[in-house]
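Please read it alongside the coordinates.

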Amino acid sequence: MLLIPAIDLKDGHCVRLKQGDMDQATVFSEEPADMARHWLEQGARRLHLVDLNGAFAGKPKNEAAIKAIIKTVREYAEETDTEEVPVQLGGGIRDLDTIERYLNAGISYIIIGTAAVKSPGFLADACSAFPGQIIVGIDAKDGKVATDGWSKMSGHDVIDLAQKFEGYGVEAIIYTDIGRDGMMGGVNIDATVKLARAVTVPVIASGGVHVLADVEALCAVQDEGVEGVICGRSIYEGTLDLFSAQERADELSGDLIYEEDEE
């Protein structure tokens, strides 16, 4: 179970939103690259970046901050003589040229959300042009998909859309329960597992992580296809310690593998 710290970018700063509301932003760092370093030092094995301004504008808006984070990731790998931690990025990515530019700059995975729902042909083209590097983000409430920074409900069924996207060749699906995101009320395990069972690609949970018990609950269902969880407000406000939570997740994963070997 991969615990993935989220670095949400707004006006060049690292923030957290409540339920996707840009007017309810808490600034956690003026220097996102410093925050990236902090999470790397805490044992992060992947970083999740979101260009919030870009998501609302439909085009990249925090490129300077994103490039500064990539630079920090590279420097950290050199300093510690370790492999570079993969960085996944979403928010306002609507064309192949933008994807190519970000991948060339050092981003490992591109997350396509709203554009996947509104322009499925674009998602299909992206998966074809950049195999293994496209993740689709599905934001949902009560089983229906939301778009445009959660401001609109599409009417699409989560499972139907996920299976369609899987057919295009996405690397993974990030599933966000928008009713829980930023609220720290616990992960919607049932909905996440239901989705994971319906597809063969890995599912990354998002929204609602609060305490270690939430991570343990996800570890209990990881063999259903839930491979990671994005951590936001919980690790910023200290209700979840990233380092010890990842340690615990590794321990539980090890137990799971051991039990399978025993069988």
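A residue is called buried when its relative accessible area is under 20%, exposed when it is over 50%, and partly exposed in between, with a 1.4 Å probe and protein chains only. The model is predicted, so local features are reported only at pLDDT of at least 70 and side-chain atom pairs only at pLDDT 80 or more, while totals for chains, interfaces and linings use all residues. Residues are numbered from 1 along each chain as its sequence is written, and side-chain values use heavy atoms, with hydrogens and water left out.

Helices (H or I, at least four residues) and strands (E, at least two) are DSSP runs numbered from the N terminus. Strand S10 spans residues 172–177, and because six of its six residues are buried, the strand is largely enclosed by the rest of the structure. The burial concerns both faces, with Ala-172, Ile-174 and Thr-176 on one side and Ile-173, Tyr-175 and Asp-177 on the other.

Two strands are taken to pair if DSSP finds at least two bridges between them. By that criterion strand S7 (residues 134–141) runs parallel to S10 and is joined to it by six bridges, with Ile-135 standing opposite Ala-172. Strand S11 (residues 203–206) also pairs with S10 in the parallel sense, over four bridges, and here Ile-204 is the bridge partner of Ile-174.

Ser-206, which lies in S11, is buried with a relative accessible area of 10%. Its side chain is joined to that of Thr-176 by a polar contact of 3.2 Å; a polar contact is a pair of N or O atoms within 3.5 Å, where within protein one must be able to donate a hydrogen and the other to accept it, and residues adjacent in sequence count only if both atoms are side-chain atoms.

**Aromatic pairs**

Rings of Phe, Tyr and Trp (its six-membered ring) pair if their centres lie within 6.5 Å, and planes under 30 degrees apart count as stacked, over 60 as edge-to-face and the rest as tilted. The count by this rule comes to three aromatic pairs. Two of the pairs are described here.

| Pair | Geometry | Centre to centre | Angle between planes |
|---|---|---|---|
| Phe-28 and Tyr-236 | tilted | 4.9 Å | 40 degrees |
| Trp-39 and Tyr-236 | edge-to-face | 5.2 Å | 85 degrees |

Phe-28 is partly exposed, at a relative accessible area of 25%, whereas Tyr-236 is buried, at 12%. The pair of Trp-39 and Tyr-236 likewise links distant parts of the chain, 197 residues apart, with Trp-39 in helix H1 (residues 32–41). Trp-39 counts as buried because its relative accessibility is 3%.

**Packing of H6 with H7**

Axes are lines fitted to C-alpha atoms, for helices over the stretch in contact, and angles run from 0 to 180 degrees between N-to-C directions. The axes of helix H6 (residues 120–129) and helix H7 (residues 158–168) come within 9 Å and cross at roughly 35 degrees. Taking contact to mean heavy atoms within 4.5 Å, Pro-120, Leu-123, Ala-124 and Cys-127 in H6 meet Lys-164, Phe-165 and Tyr-168 in H7. The residues of this contact divide into six nonpolar, no polar and one charged, where Ala, Val, Leu, Ile, Met, Phe, Trp, Tyr, Cys and Pro count as nonpolar, Asp, Glu, Lys and Arg as charged, and the others, Gly among them, as polar.

**Loop residues**

Asn-62 lies in the loop between helix H2 (52–57) and H3, and counts as buried at 4% relative accessibility. Not counting residues up to four places away in sequence, Asn-62 touches Leu-9, Lys-10, Asp-11, Gly-12, Asp-51, Leu-52 and Asn-53.

Glu-84 is found in the loop between helix H3 (63–80) and strand S5 (87–90), and is partly exposed with a relative accessible area of 43%. Leaving aside its neighbours within four places in sequence, Glu-84 is in contact with Val-73, Arg-74 and Ala-77.

Asp-81, in the loop between H3 and S5, has a positive phi near 55 degrees although it is a residue other than glycine, and is exposed at 71% relative accessible area. Asp-142, in the loop between S7 and strand S8 (144–147), also has a positive phi near 55 degrees, and its relative accessible area of 74% makes it exposed.
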